[in-house]
Amino acid sequence: MSLDANSALAGTWPRLVLVGLTAGLFAALFGVGGGVVMVPLLTVLLGYDTKVATATSLAAIIVTATVGVIAHGALGNVAWGYAVLIGLPAVVGVLAGLWIKERITTHTLTVGFAAMLAVVAIWLVSKPVASEAASVSLDAGRGVAVAALGFVAGTLAGLFGVGGGILFVPALTLIIGVPQLRAEGASLLAIIPVSLLGSWRQHKTGTIRWGAAGIMGAASVATAVAGAFIADATPPRTLRILFAVLMLITAAQLVWRSRSST
């Protein structure tokens, strides 16, 4: 790391710690990577360009999601088989989404995707919540469906620059019927390979601020553990409503970012 980079971190590390603490709580509480919190905070509090903020948050999310998975796993809140089946195809989907993004203008599509997120949020609230004690068997048919959903979710994540978790959780709960809490744990595990791939690609373009990512990732450890315990103690219906609100906030962010880039 250069002297200039060290000097920059010396002046901004308290704000980076704050961003990491906030992202860790959101990540484990909702089963998302934390980018929905990190990106706007990095742009507002530290003046990062959106592309740099997105890339840097991806690197920090590797730590955040890993700690969240460990905490949720200790509480028995990870649907392990579903996580693998949705996460691995998502990696391929991200590559497909990035390939498409390089070849088309996504402004109109982004607005449409934001509208879709809003509709799914309403669907999430209106559908009855499955008991966390419910067992959803992983048969061949469900396995194929989950893998297909993973690929689609990964493609959308790569195309629109959103974390996979905001798509993994509703896909598992609404379409497959996995209880909310276990879907969130599975989502965090599925996010790890997606974040690793995304970080590798962004590192090649030089847009990741690794020092900042390290500070945020380290800061997120404590709150990621706390978020897992809070999620475990929160009624499933409340957790689902809060997740729907997060989806609406993500949709609004997408529209704002799309407009500001035109």
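The lining of the second largest pocket in this predicted model consists, by class, of 14 nonpolar residues, with no polar and no charged residues. The volume of this pocket is about 230 Å³. Among the 14 lining residues, those closest to the pocket centre are Met 116, Val 120, Leu 167, Ala 171 and Ile 175. Three helices each supply at least two residues of the lining, namely α5 (107–126), α6 (140–160) and α7 (165–176). The most is given by α7, which contributes five residues to the lining of the second largest pocket.

Aromatic contacts were examined separately. Two aromatic pairs were counted in the model. In one of them, formed by Phe 26 and Phe 30, the ring centres are 5.8 Å apart and the planes lie at 50 degrees.

Phe 26 has a relative accessible area of 29% and is partly exposed, whereas Phe 30, at 6% relative accessibility, counts as buried. The latter assignment follows because buried means under 20% relative accessible area. Together with Phe 243, Phe 26 and Phe 30 form one aromatic cluster.

Terms used:
Residues are numbered from 1 along each chain as its sequence is written. This is a predicted model: local features need pLDDT of at least 70, side-chain atom pairs count only at pLDDT 80 or more; totals for chains, interfaces and linings use all residues. Side-chain values use heavy atoms; hydrogens and water are left out. On a 1 Å grid over the protein atoms alone, a cavity is a set of points where a 1.4 Å probe fits but cannot get out, and a pocket is an open set with protein on both sides within 12 Å along at least five of seven lines; lining residues have an atom within 4 Å of a point. Grid points are joined across faces, edges and corners, and a volume is the space filled by probe spheres set on the points. Helices (H or I, at least four residues) and strands (E, at least two) are DSSP runs, numbered from the N terminus. Ala, Val, Leu, Ile, Met, Phe, Trp, Tyr, Cys and Pro count as nonpolar, Asp, Glu, Lys and Arg as charged, and the others, Gly among them, as polar. Rings of Phe, Tyr and Trp (its six-membered ring) pair if their centres lie within 6.5 Å; planes under 30 degrees apart count as stacked, over 60 as edge-to-face and the rest as tilted. Buried means under 20% relative accessible area, exposed over 50%, partly exposed in between (1.4 Å probe, protein chains only).
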